[in-house]
Structure formats: structure tokens, C-alpha cells
Amino acid sequence: MSPDIQLAGIHPRSEKLIELTRSYERAKTSWSQVEVRLEQETKELIKLQKSLGFGHISDGALGWQDQLRPITQSLKGIESGTRYSRWFDTNTFYQKPIVVGRVSVGEIDPEKFLQTKLLAGEKNRKITLPGPYTFSQLSENKYYEKYPDLLVDVAVAEREIIKKLRAEGVSLFQLSEPCLVYQPYRATFRDESEVELALRAIRSVVENNPGEFVIQTYFGDASPLFSELLDLPVRGIGIDLFETDVSSLSEQTSKTLVLGLVDSKESYVEDAHWIADTARKFREQVDVQNLVFASNSDLKFVPQGIANQKLEALSKASELFEESR
Amino acid sequence: MSKLFPVQEIGSLAKPKWRTKGLRQPLSAQDLSEAEEWAEKLGIDDFHDRAKSILKTSDDKTRAKEILELSTLYGLRLFETAGVDNDGVGGEQQRVEMYEHVIKAVQGMNLLGHVHSFDYKYFNKGVAESRVSRKRPIYAPEFLDVKRYAHRAVKVPITGPYTLVDWSFSGYYIQKQHGSSPKARKIEAKREFLLDIVEQVVRPEIQDLVNAGASWIQIDEPAVTTHPEPHEMELFVEAWNETVKGFSCKFSDHTCYPSEIGYKVLAEYAPKLEKCDQLALEFANRDTSRLGVDKSSREGYSDLKHFVDAGFTGEFGLGVAHVHDFTGSVSSDAGQAVGRDLIESPELVRDRLLFATKIVGDPAKIWANPDCGLRTRAWDISLTKLANITKGAELARETYG
């Protein structure tokens, strides 16, 4: 069977939708007009995924304003005002969650997370959420004296959110944890004890339902942490092949590995043969049976037309990869 | 400059409605009413003659040229009215914004489409489709207009090569690489792209500006502090040094809104920047809004010490006024929150300058400026903020007799 292909986060909005949202912001378009377009594009994206043979279908989170926002808005003890911070080393920004009280789950509105109506009929639904470590790292802590306490509370709250989304039919949760491999905003990179804390927090989110989770790393080299990531009780681990030193990997695993094979930070559409070949070379290094082909992170960093071409290249590469087995 | 704590602007001002609309379509007398009101405030004596000409012309190009010239004049007079010592290019009225304005003038670059910045904000991102070169002069035509009308010194802000490349897709440059890994190919592509932008686009532009009489060029590099890795910082230094090589004018760097460690890393590399006479940096954004010249009152300025400790010996353009929306608290003697704006009092500006002097050691090395360009603020707010910076600089000067 050829490797599955999956969306790995927020998909870009089209120029048409962009224009509508801008017009809405200038109070020249109603929100219902934006919603109509948003739904139409979500349907088109679902159709595209199905036509390309995706095993898990995502709605592309086209309405999300940033990677953290729906979680931020679902938690008590967190405020988000007008302060924006840079999303890692990209030229995009997120509304910084400000921790002002004990974090716990608040009112969860599934509609803020996914287009449940449009996903009706899809058995294998996937959603991408920030992992507890990344969410707490990218927040400003004004309440907790000790960071581990914040991390634990975020994990507990996120577990509740996931429970609610599971009831909405989500069967695969990608927890994105770029902070495990890249922290350009910090003077010192996380040490061993912090890694252990982070992994413990992830474990507490995924326990009892290990088969539903993929832990995705991106923007940094996952090789120093790779064996520890493989020890997590989850279905799969994702790595960014544009950053990870594959030559230093030599593990064997029964887990699924999600390979970030197209670069969400570059507009150049990778050749399907190159993608398949890169995956083959990866498998020469790492003994793995189950692979998933994906972009290295959210495709929102490229225009929509380019993003769709990258998905097509992944699909074609998956076939080529299977043919050569 | 002989006086202590001279005041400078950093770059942009908001674009008046009549300027934006007038570039797209003919204007009515009503459209120019706001311009008429500001003409009185800013002493634009020939406003009525200019307005008549703008309203009369049926040629789009002529109208656009007249409007850009007029808005540049307004920007210069606004800075002058506020008492600023260096008027820059009048608030960058002749530019779309800092990225697209340049990319449109680069052969080999194509604006590919909009990508998300935040919320409902997007930017049109360019890709290198072939080797880059300059299609036409980018800043020199604006500078010639500025030169005609400026009464004071002029500093020309330009977008730095590192930022132009960092905010673009490498396209052509990635495809031609044969490195051992995707990461190696990306690094090599960025270097080649960057050095081409320096040689083929930025240096010819600086040469034109210098030939036209520019004596001070501010290179805006907001992207540099987003990549604190050593190889990226070395690349930035290499590109800077190539950019300024052989030119005799004054150069300054403007970098703002760094990551948590951004200024610490920039400080380490700043002494390696050749001919960098000034670093204009943002500080007010992270400072308290209360008076005082002690460390805790002026916590936003602590990063300044990194630059001094690292051995940077040039001037500092000190951000003493916030330029974005303000939601915090402000003590009554330190300023006033008006809607989403913070109006810093002259006393707060004074204290920021005096505290910075304690760190830098020499008051002659400090200029006062807003954190960044004021394009997100209304003109009356910008004028008040700048006027208070001027008054605050005077108060600081009095401290030194």
C-alpha cells in the first residue's frame, strides 16, 4: 500500500477569500459573504484531498487566524489582547496567549476548531492542534511561579478539548510540537529535564488513546530527540526533512513516521520523483514500515495555488514510491 | 550633529486618504478638504494652486505625480512642525510599503500572491524566478522630490537586502543548488540570492542616491533578529559589509521588534558591521509607562547594555515612543492613553534618554526617535508624539547645561 498523504496544518486561503476578508475588515462585506466563500473553499479542499487519495481528511482550518487561537479562546486563565508575536522565524504572527490565572478548560465550541458540517460523512477526520509544550512555550506566563505547573495545566485542559473533538468525530489528532526542536526566541535551548517535562505532558494528553495521535516536529532538527520521540505512546511521529539531519538516524520503529517532504516555506514545487527518492533514502536510514507523506508544516506560508500543487506532488510521489517497492 | 539628543524620524507616516484615493481615481474638492485643513496646520502656502492643478488634470500619471509630490511635502512639513532635526523622506509617501515597493522594481522577481501575516492581514510575497537585477531606480526619484522641499537634513531609509531576501521565496536560487541535503541547499540558495540582491539591486540604488546627493542612508533590516543562528548572522554581516563597501555616506541600521534574544544576538555582531554609524532600535514598546531613571522604571532599555558590552561604538537611535496600539496603564505624569494611542509625556521621553545615557556613557551618541515608522498612527497623533519627543529631548539637554 502506498504511503498515506495528509495535511499537516493550516491551508492557505485563496486570493478571492483573502480579498473578501480584507473587505470584511473594512466593513464593506458582511461576515455571511465571507462564510459562504469559506465553506466553498473548505469543500473544494476536502474534494481535492479525496481525489488525491488522502487517508485522513482535514478541513484545512481556513478560518483559523493563527495556530493557537482556537485553543486560546477555549481556556480559562488566558487572555489574548492586541499583542502579536512572530511565529518562529516566519513573517507571520500569532496572538500571544497571556496567562493571567490558573489554566483550565472553558467553554469549548467545536465550530471554532473544525467545520463539522462539511466533514460529515468523512470517517477519518484529522485535526492539527498545538501540543501542550509548544502552546505553553509560546504563551506569556504572568501567573505561574513554576513553568512545569503551567505545562501540566495546559495538558490537562487540552485533553478535555480533545475529548470534545473526539465526540465530533475526529479520529486523528496531530499535536504540533515545533518548540521541541526549534526555539529561536530563547537564549538557552531546552535542556534534558525540560524535554522530559515536555514529553511527560504529551504523554498525559495522549494516554488511553495512543492510536489517535501524531506528534509533529518542524522548523528544527529532530535527530537529537528522535529516539525519545519514538518512545512516546502514539501512533506516529512527524519530522521536517528540510531541517533534520537524516544521516544521523539509524533507528528501527513500528510507528508511523510522517515525513515533511515538501517545504511550506518555499514556493518551488518539489518534483514527485525527488520526493519519492528522498523518502526511499530515508527508509535506507531508518527501518520503518509505515510512512505518511506531508508538508513539513502548515502550508499557509505559500499561496493557495502553490500549496495545492505541493499536495498533488505528494500524491504522485506516493504512487512512485509504492511502484518502486 | 553638535546638539545633544537630536531628534529623527524612522520612516513611514500614515498615507492620507486623498493620497491613496488620488492614485486610483480623480479627486473632488471634497476629497481634498482634509488636505486643506492640514495645509493650514503645516504652512503649505501654495496648497490652493496645487489643489487646482490636481483637480484639473485629466491625465492619471500627472495627477499621481502631483499627489505624491504634495504628500511628500506634507510629510516633510509635519516632521518640521514637530521640531524633528532630520526629516527623512517625508514619511515614505511615495512607496507602497517597504517590501513590495522594491520587489516591483527587481527584474527576475515576481509577486506570487498573498500569504497570511495575521488575522485579516496579508502580504504579497515575491519569488526569484531568475537571476535578479534592478529594473529601474527605486528610491532616487523620491529623493529628488525630497531634496527640493526639505529644509533640514535628510536621511533616506531603504529596505535592507537581508530582509528583502528573507521575506521572499528563493525559487530560482533553490533549484540551481546541488548541496548534500535540503537544508544545505536552502542555506546556499539564500546566500547566493542575497549577494545578488546586494550587487545587482541595492548597491546600484545606493550609488544613484549618493550621486543625487544623499549623505545618510538608513538600512532597514527587521528580519535579521528573527534568525539568531550564527550562520544567518554571519550572512547578514557579509551582506551589510558588501552593501556599504566603497561608499562614503553615513549608514545606519534600523531593526525593531526582535525575538526575546534578538537584540542580544544583534549586539554580538554589530561591531562587525562596517561603516555602521548608528543603530536605530525599538525600546519604548517593552518599557514601563512611568517616570524614573532607575533600572526597574526603564526595564525596556536593558538590552542597550548588550551593544555597549559587545563593543559597538557608534550612535544609538533610541526608540522613545511607542508606535503601535497601546493597551497598558500609564501614570499621569508619564503620558496619556487616548483610545488606542499612547501619548508619551516629554518627561517620560527625557527619562528614557537620560537612562540610556547612563548605559551608553556619552550623551553625544544618542538620538531620539519613535520605535519605528508611524504609519499606523493618525497624523494628529504622530505630530503630538513627535512634538513631545522634541520637548523631551530639550528637557534632557537642559540636564547637561
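**Reading strands, helices and an interface**

Author: Strand β12 of chain A is joined to strand β14 (residues 291–295) of chain A by 5 bridges, and the two run parallel. Strands here are DSSP runs of E of at least two residues, and helices are runs of H or I of at least four, numbered from the N terminus. Two strands pair if DSSP finds at least two bridges between them. The model is predicted: local features need pLDDT of at least 70 and side-chain atom pairs count only at pLDDT 80 or more, whereas totals for chains, interfaces and linings use all residues. Residues are numbered from 1 along each chain as its sequence is written, with chains lettered from A and ligands numbered from 1 in the order in which they are written.

Reader: Which residue of β14(A) stands opposite V258(A)?

Author: V258(A) is opposite V292(A). Strand β10 (residues 236–240) of chain A also runs parallel to β12(A), joined by 5 bridges. There, I237(A) has L257(A) as its bridge partner, and D240(A) has G260(A).

Reader: What is the order of the strands in the open sheet of chain A?

Author: The sheet has 7 strands in the order β1-β14-β12-β10-β9-β8-β6, with parallel pairing. β1 (4–5) and β6 (125–130) of chain A each have a single partner strand, so one side of each lacks a neighbour in the sheet.

Reader: Why is β12(A) described as largely enclosed?

Author: A residue is buried if 20 or more other C-beta atoms lie within 10 Å of its own, exposed if 12 or fewer, and partly exposed in between, with C-beta atoms placed from the backbone. Of the 7 residues of β12(A) (residues 256–262), 6 are buried, so the rest of the structure largely encloses this strand.

Reader: How is a pair of packed helices described?

Author: One gives the angle between the two axes and the distance between them. Axes are lines fitted to C-alpha atoms, for helices over the stretch in contact, and angles run from 0 to 180 degrees between N-to-C directions. In chain B, helices α4 (residues 60–82) and α14 (residues 379–399) pack at about 40°, with axes 8 Å apart. That makes α4(B) oblique to α14(B); angles under 35 degrees count as roughly parallel, over 145 as roughly antiparallel, 65 to 115 as roughly perpendicular and the rest as oblique.

Reader: How many residues does each chain give to the contact between chains A and B?

Author: Residues are in contact if their C-beta atoms, placed from the backbone, lie within 7 Å. Chain B gives 29 residues and chain A gives 32 residues. β1(B) supplies the largest share of the chain B side, 7 residues.

Notes
Contact = placed C-beta atoms within 7 Å.
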